[in-house]
Amino acid sequence: ASCRERQERGPGAAGRPDPAVPPSGVSCSGCGAELQCSDGAAPGFVPAEKYRSLSAGPGGVAGLRGAVCQRCWLLAHHGRALRLQLPPEQHRLVVSAALRRSLRHGRGPLLLYLLDVLELPDPVLLQLPGLLGPDVPAAGLLVVGNKVDLLPADSPGHLGRLRQQVAADCTRAGLRGGLLVDIRLVSAKTGFGLEGLVSRLQRSWKCAGDVYLLGATNSGKSTLFNALLRSDYCKSRAPDVINRATVSPWPGTTLNLLKFPIINPTCDRIFQRQERLKEEALKTEDQLSSEEKKYLNHLKKQGYLVGKVGRTFQRQKSSPLIDFDPDMLSYSIDEDPSHSPRKHEEREEFTYNEVKDARWCFDTPGIVKENCVLNLLTEKEVKLVLPTQAIIPRTFILKPGMVLFLAGLGRVDYLQGQKPAWFSVVASNLLPVHISTLSNADAIYEKHVGQELLRVPMGGKERMKEFPPLVPQDITLKGIGTTEAVADIKLSSAGWVTVTAHAEEELLLRAYTPRGTTLVVREPPLLPYVSGIRGARIAGTAAYRTKKPPSLVENLKTVGKR
């Protein structure tokens with residue numbers, strides 16, 4: 001077994017398969033895969049002993065409803081990702097087949113396409129017209145830019161600029177015109193923009209047909225699905241019946257179709273919702289409960305943009321009791337292994353009348369990004385590379401002949417230029433940045449890649465035997481001025497380096513990413529004024545002190561300072 005495979009496996013997964021048992025026909029409530037105990041490497045696996053215990057009752061395999069597969073349980077509780085025998089094209093087949101289903105309620109679905117703004121230009125958006133094809137009866141496309149909370153405001157109006165970048169991406173993909181309904185910016189994690197998204201959906205789409213969440217792996221679809229499930233977009237009883245989608249940084253988590261019923265936004269419901277939003281907009285942070293303040297402060301640490309998502313229509317219900325059998329390793333998504341076993345409570349189900357005419361919101365499998373550095377990494381490495389908290393820019397001033405390393409995943413050489421230039425790193429705060437001279441760069445990489453100095457990849461020389469080498473691409477840029485960047489050098493999905501140079505100054509750079517991954521020169525840059533988010537120069541180094549801008553909370557009244 002390779003070093004990467006051993007790192008991914010970690011401690012042995014509990015439970016054995018039984019190839020003689022047929023698939024259940026019941027979906028995992030975490031990822032949507034069909035639950036089975038015959039193949040431990042296939043989606044939906046539950047250890048045979050647990051499978052038998054759950055299906056031994058009078059209901060047979062119906063006893064599996066609400067359970068999650070071993071993969072989802074390990075993702076939720078241990079951050080571990082089991083490797084599955086699932087070819088990337090299978091993701092596309094599931095999505096494509098779902099979109100080509102016969103029309104329901106007399107019209108095609110609304111497509112809610114989620115993209116990660118950190119990944120612009122979105123690598124999957126260009127594939128969307130081909131995925132839809134002429135035979136997909138889509139009634140509209142709403143593009144949602146996610147993870148805006150991770151990016152600092154480099155100037156006033158930065159969200160409007162981000163929206164323009166998303167719109168330009170849609171135009172390049174041929175998605176402008178009648179199909180594109182709107183573009184919204186949100187954070188599915190912190191709630192920013194979600195109340196506005198719900199209002200937009202209810203105002204324009206109402207309850208006219210089904211809605212499909214689409215997007216690349218790791219764009220945040222499952223996080224958005226979970227947030228909408230607990231918002232005014234979902235039937236009030238649905239959160240009691242439907243489990244959350246498994247949320248994890250590992251690409252391709254959602255393996256099949258999960259769904260919840262959309263609430264019908266009648267005039268009375270719209271009125272009640274607007275009244276709630278008006279009432280909440282008059283509140284200040286000081287007027288929130290201690291629990292609400294605590295949660296809000298937690299979100300502020302996570303992102304720069306935070307939103308408070310509430311519910312107008314709630315069904316009062318006591319907290320459900322969750323079955324957990326530590327000896328049998330029960331796979332319920334919400335359970336905690338530290339809890340003692342509790343008596344099983346009968347699961348709620350929708351009645352026929354509740355859902356016979358329902359419109360549904362579906363979460364689809366993430367479409368795998370090709371030529372992406374994440375595909376080369378172990379789950380431990382993925383956790384370091386993917387930012388989960390507000391990104392703090394790191395700016396360096398380099399002279400010609402200097403080199404910047406972003407972990408062991410990317411490198412930018414400043415080869416030629418007349419003056420120093422500023423290089424701002426926008427990447428996970430956990431990824432190290434190392435500055436060296438051109439003459440020492442190769443030796444430093446050779447000595448420290450796989451070690452703590454460069455951190456990712458990790459695993460020493462054995463790991464690096466199977467990791468592809470860095471390959472170069474020459475880049476020529478002309479500076480705009482010392483306050484505005486000219487371009488981003490995007491090092492696949494590891495992050496990017498924003499370059500700011502003197503006006504008319506020509507720079508010759510050489511950038512490196514691992515072989516088989518995509519390097520993009522993004523012009524204009526996503527955050528053109530990011531080099532201004534910095535402290536004082538650190539004496540004797542090329543680095544500036546970092547500075548973290550304050551967080552902004554929407555939907556709450558701001559109290560002015562006296």
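This is a predicted model: local features need pLDDT of at least 70, side-chain atom pairs count only at pLDDT 80 or more; totals for chains, interfaces and linings use all residues.
## Helices H7 and H10

Helix H7, which spans residues 194–205, and helix H10, which spans residues 267–281, have axes that come within 12 Å and cross at roughly 160 degrees. Angles over 145 degrees count as roughly antiparallel, and H7 and H10 are therefore roughly antiparallel to each other. The crossing of these two helices, H7 and H10, is left-handed.

On the H7 side, the residues that meet H10 are Glu195, Val198, Ser199 and Gln202, while their partners in H10 are Ile270, Arg273, Gln274, Arg276 and Leu277. Sorted by class, the contact of H7 with H10 has three nonpolar, three polar and three charged residues.

## Nonpolar cores

The largest nonpolar core contains 50 residues, and within it Phe423, Ile489 and Leu509 have the most contacts. Strand S9, covering residues 402–406, supplies the largest share of this core, namely five residues.

Leaving aside residues up to four places away in sequence, Phe423 touches Arg394, Thr395, Phe396, Leu398, Leu404, Val412, Tyr414, Val497, Thr498, Val499 and Leu509.

## Gln70 in helix H3

Gln70 lies in helix H3, which runs over residues 70–78. Because buried means under 20% relative accessible area, Gln70, with a relative accessible area of 3%, is buried. Although Gln70 and Cys37 are 33 residues apart along the chain, their C-alpha atoms are separated by 10.0 Å.

Technical notes: Residues are numbered from 1 along each chain as its sequence is written. Side-chain values use heavy atoms; hydrogens and water are left out. Axes are lines fitted to C-alpha atoms, for helices over the stretch in contact, and angles run from 0 to 180 degrees between N-to-C directions. Helices (H or I, at least four residues) and strands (E, at least two) are DSSP runs, numbered from the N terminus. Angles under 35 degrees count as roughly parallel, over 145 as roughly antiparallel, 65 to 115 as roughly perpendicular and the rest as oblique. A crossing is left-handed if the near helix is turned anticlockwise from the far one by less than a right angle, and right-handed if clockwise. Contact means heavy atoms within 4.5 Å. Ala, Val, Leu, Ile, Met, Phe, Trp, Tyr, Cys and Pro count as nonpolar, Asp, Glu, Lys and Arg as charged, and the others, Gly among them, as polar. A nonpolar core is a set of buried Ala, Val, Leu, Ile, Met, Phe, Trp, Tyr and Cys residues joined through side-chain atoms within 4.5 Å. Buried means under 20% relative accessible area, exposed over 50%, partly exposed in between (1.4 Å probe, protein chains only).
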